[in-house]
Amino acid sequence: MFPETALVTGARGGIGRALVAALEAEGAEVRGLDLADGFDVADWDAWQDIEPAEAVFLNAGVLAAGDGSLADYRRILGVNVDGVVFGLQALAPKMRSGSAFVVTASLAGLIPMPSDPLYTLTKHAVVGYARSQAEVLQPRGIRVNLVNPGIVRTPMTEPAQAELDAAGFPLLEPEAIAQAMLAAARSEETGQAWVCQPGREPLQFRFPNVPGPRVEGAEGMVPQL
Ligand SMILES: NC(=O)c1ccc[n+]([C@@H]2O[C@H](COP(=O)([O-])OP(=O)(O)OC[C@H]3O[C@@H](n4cnc5c(N)ncnc54)[C@H](O)[C@@H]3O)[C@@H](O)[C@H]2O)c1
């Protein structure tokens, strides 16, 4: 059974709780990290004491307050970006071949979301970061995948739910995202982003190819970094 051990950030939120329950139902030993229990994913020092697990779910996230303040900007970057970067940087060196990271991004990591540009910034950032780290960690046998859900019925979206329900807009349930996260952790692929939408199985997002240069001798080349 994989994973036998798991670490979940944002474990007390809507998606985090559903994931912990799904993991425990399958017999995994789960450690949850949440601000509600005193662990701040944006605290570099706090990460240094954390032991790794076979599957690490970097899931904590917040929306912006949207007040245009510097504090709001720093807070959302701290949780949504630092919380992923610090977790991966602290744990990857201690992890074994066969283990996996799953990062909870969002559809807002793949498309513009004008209702919350800062949230969109952070989710695009983690998509690029996770896909890059997937290539860095591949030689060590560590996989890094993403889930990119649409709107999920959790405390995060609670203020908008009545309006969305009244408009007939379909919402995802956290249990469905938990299953997608488990599947992403177990996937043999790496660097993939799994889109979750109501009524669909999780779908691997196809990133478009970027045009290469069109100068003599270099036509079609991609950067060799
Ligand atoms: N709900 C949605 O519609 C939706 C859609 C796409 C992606 N997501 C993403 O899914 C993830 C989980 O969201 P959710 O809907 O369960 O939200 P939620 O608000 O229900 O839960 C988030 C959890 O993260 C914790 N948290 C916040 N700041 C933290 C910090 N600094 N350190 C540690 N923990 C912290 C909170 O205490 C809370 O328990 C987030 O990354 C979110 O961006 C949510």
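A: Let's take W194, which is buried, with a relative accessible area of 15%. Buried here means under 20% relative accessible area, while exposed is over 50% and partly exposed lies in between, using a 1.4 Å probe and protein chains only. Keep in mind that this is a predicted model, where local features need pLDDT of at least 70, side-chain atom pairs count only at pLDDT 80 or more, and totals for chains, interfaces and linings use all residues. Residues are numbered from 1 along each chain as its sequence is written, and side-chain values use heavy atoms, with hydrogens and water left out.

So what's around W194? Leaving aside residues up to four places away in sequence, W194 touches N145, L146, V147, N148, A184, S187, P202, L203 and Q204. Touching, or contact, means heavy atoms within 4.5 Å. V147 is 47 residues away from W194 along the chain, yet their C-alpha atoms are separated by 4.6 Å.

W194 has its place in strand β6. Strands (E, at least two residues) and helices (H or I, at least four) are DSSP runs, numbered from the N terminus. Zooming out, the strands form an open sheet of seven, in the order β2-β1-β3-β4-β5-β6-β7, with mixed pairing. β2 (29-33) and β7 (203-204) are at the edges with a single partner strand each, so one side of each has no neighbour in the sheet. Two strands count as paired if DSSP finds at least two bridges between them. In general, strands of a sheet pair through backbone hydrogen bonds, either parallel or antiparallel.

Next, look at β5 (residues 143-149), which runs parallel to β4 (residues 100-104) and is joined to β4 by five bridges. L146 in β5 stands opposite V103.

Another helix, α3 (residues 70-91), lies across β1 (5-9), β3 (55-58), β4 and β5, at about 160° to β3.

Finally, the largest nonpolar core has 43 residues, and L7, W47, V56, L58, L88, L91 and F101 touch the most other members. A nonpolar core is a set of buried Ala, Val, Leu, Ile, Met, Phe, Trp, Tyr and Cys residues joined through side-chain atoms within 4.5 Å. β6 is among the elements that each supply at least two residues of this core, and α3 gives the most, with 10 residues.

Definitions and conventions. Axes fitted to C-alpha atoms, helices over the stretch in contact; angles between N-to-C directions.
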